[in-house]
Amino acid sequence: MDHFIETHIATVSCIFMGLIMFFAALPFAFGKEKMARYVSGFNMFTPEEQKNYDCARISRDIRNLYFQLAILAFAGAALTLISQWLAIPVFLLWIIWFFKDVHLDRDKAFQKYRLK
């Protein structure tokens with residue numbers, strides 16, 4: 001077992017990342033709109049301000065993002081069985097995908113979820 005981990009560290013890393021993302025998505029899948037309050041940045045709005053946003057959509061988008069990242073990581077694990085070097089583009093794509101919607105301004109970050 002130790003030999004497998006040493007020779008397939010990229011595979012193990014991809015599987016581990018996939019499991020983390022999968023299990024991070026589950027609360028958003030089952031908690032629905034109640035989980036929006038745990039989204040970084042959104043939890044800084046007052047409860048009155050939060051009522052102006054579509055919490056169900058926020059939670060659904062976070063759930064989908066985590067499931068997509070899990071699928072990407074598991075696909076990366078499969079690719080690394082061909083060559084461990086294939087983990088590099090998978091990790092780069094994973095990082096880009098993870099940070100594509102990060103904003104420093106919370107109003108800009110949640111602008112698309114604002115109720116009319």
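**View 1. Three helices, α4, α5 and α6 (106-109), each supply at least two residues of the lining of the largest pocket.** This close-up, like the others here, comes from a predicted model. The largest share of that lining, 7 residues, belongs to α4. Sorted by class, the residues around the largest pocket are 15 nonpolar, 5 polar and 6 charged.

View 2. The lining counts 26 residues, and the closest to the pocket centre are V39, S40, I62, D101 and V102.

**View 3. Helix α4 (residues 55-80) meets helix α5 (residues 87-99), with axes that come within 9 Å.** The two axes cross at roughly 175 degrees. Angles over 145 degrees count as roughly antiparallel, and α4 and α5 are therefore roughly antiparallel to each other.

**View 4. Here are the residues with which α4 and α5 touch.** On the α4 side, look for L65, Y66, Q68, L69, L72, G76, L79 and T80. Their partners in α5 are A87, V90, L93, W94, W97 and F98. Taken together, the residues of this contact divide into 11 nonpolar and 3 polar, with no charged ones.

**View 5. An aromatic pair brings F28 and Y66 together.** The count for the model comes to 11 aromatic pairs, and this one is edge-to-face. Its ring centres lie 6.0 Å apart, with 65 degrees between the planes. The pair links distant parts of the chain, as F28 sits in helix α2 (residues 9-31) and Y66 in helix α4, 38 residues apart.

Notes: Residues are numbered from 1 along each chain as its sequence is written. This is a predicted model: local features need pLDDT of at least 70, side-chain atom pairs count only at pLDDT 80 or more; totals for chains, interfaces and linings use all residues. Side-chain values use heavy atoms; hydrogens and water are left out. Axes are lines fitted to C-alpha atoms, for helices over the stretch in contact, and angles run from 0 to 180 degrees between N-to-C directions. Helices (H or I, at least four residues) and strands (E, at least two) are DSSP runs, numbered from the N terminus. Angles under 35 degrees count as roughly parallel, over 145 as roughly antiparallel, 65 to 115 as roughly perpendicular and the rest as oblique. Contact means heavy atoms within 4.5 Å. Ala, Val, Leu, Ile, Met, Phe, Trp, Tyr, Cys and Pro count as nonpolar, Asp, Glu, Lys and Arg as charged, and the others, Gly among them, as polar. On a 1 Å grid over the protein atoms alone, a cavity is a set of points where a 1.4 Å probe fits but cannot get out, and a pocket is an open set with protein on both sides within 12 Å along at least five of seven lines; lining residues have an atom within 4 Å of a point. Rings of Phe, Tyr and Trp (its six-membered ring) pair if their centres lie within 6.5 Å; planes under 30 degrees apart count as stacked, over 60 as edge-to-face and the rest as tilted.
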